[in-house]
Amino acid sequence: QVQLVESGGGLVQAGGSLRLSCAVSRSIYNINRIAWYRQVPGKQRDVVANIWSGGNTNVADSVKGRFAISRDGAKNTVYLQMNSLKPEDTGVYLCNAMTSNWSVWGQGTQVTVSS
């Protein structure tokens, strides 16, 4: 099965930036959709950004204009560029890979944004 490993999280001040990475164990072009989700204690896991195998992307309204999802096929890696961070962006960010037949999650990376 495919494996996902997230990295790049940390503690930043409001207004700062982080770049998260999702390293995938095989070609990302064979995966229909790779997405970033955010998990906050006491709340449901919500999708933040999507990228499809054809290259189309979208992001949640709450991060539109601040976050961007991208990929490097040669490195089998998907990125989440996070700019103008706000305290409400705090949470565990998880990478998810999905096809018609299966869905796999990474372990997550913590992002904490201070006021």
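Welcome! The model above is predicted, and about 190 Å³ of space lies in its largest pocket. Let's begin there.

**Exercise 1: the largest pocket**

Task: Find which residues are closest to the centre of the largest pocket, and which strand gives the largest share of its lining.

Solution: 
- Step 1. Start with the lining, which has 13 residues; Arg-38, Val-40, Lys-43, Asp-46 and Glu-88 are the closest to the centre.
- Step 2. Sort the lining by class: six residues are nonpolar, three are polar and four are charged.
- Step 3. Look for the main contributor. Strand E5, residues 46–52, supplies the largest share, with three residues.

**Exercise 2: the cavity**

Task: Work out how many cavities of 30 Å³ or more the structure holds, and which residues line the largest cavity.

Solution: 
- Step 1. Searching the whole structure turns up one cavity of 30 Å³ or more.
- Step 2. The volume of the largest cavity is about 40 Å³.
- Step 3. Its lining is made up of Ile-28, Ile-31, Ile-34, Ile-51, Trp-52, Ser-53, Arg-71 and Val-78.
- Step 4. By class, six of these lining residues are nonpolar, one is polar and one is charged.

**Exercise 3: a four-stranded sheet**

Task: Find the order of the strands in the open sheet of four strands, and explain why one side of E1 and of E7 is left without a neighbour in the sheet.

Solution: 
- Step 1. Read across the open sheet: the order is E1-E3-E8-E7, and the pairing is antiparallel.
- Step 2. Go to the edges. Strand E1 (4–7) and strand E7 (67–72) each have a single partner strand, so one side of each lacks a neighbour in the sheet.
- Step 3. Check the angle: on average, neighbouring strands of this sheet are turned by 15 degrees against each other, direction ignored.
- Step 4. Now take E3 (residues 18–24) and E8 (residues 77–82), antiparallel strands joined by six bridges. Leu-20, for instance, has Leu-80 in E8 as its bridge partner.

**Exercise 4: an aromatic pair**

Task: Decide what kind of pair the rings of Tyr-37 and Trp-105 form, and whether each residue is buried or partly exposed.

Solution: 
- Step 1. A search of the whole structure finds one aromatic pair.
- Step 2. The ring centres of Tyr-37 and Trp-105 are 4.8 Å apart and the planes stand at 65 degrees, so the pair is edge-to-face; the cut-off for that class is over 60 degrees.
- Step 3. Compare accessibility. Tyr-37, at 13% relative accessibility, counts as buried, while Trp-105 has a relative accessible area of 35% and is partly exposed.

Methods
Residues numbered from 1 in each chain as written. Predicted model: local features only at pLDDT ≥ 70, side-chain atom pairs only at ≥ 80, totals over all residues. Heavy atoms only, no water. 1 Å grid on protein atoms, 1.4 Å probe; cavity = no way out; pocket = protein on both sides within 12 Å on 5 of 7 lines; lining within 4 Å. Points joined across faces, edges and corners; volume = space filled by probe spheres on them. Nonpolar A, V, L, I, M, F, W, Y, C, P; charged D, E, K, R; others polar. Pairing = 2+ DSSP bridges. Helix = DSSP H or I, 4+ residues; strand = E, 2+ residues; numbered from the N terminus. Axes fitted to C-alpha atoms, helices over the stretch in contact; angles between N-to-C directions. Phe/Tyr/Trp six-rings, centres within 6.5 Å; stacked < 30°, edge-to-face > 60°. Buried < 20%, exposed > 50% of the residue type's maximum accessible area, 1.4 Å probe, protein only.
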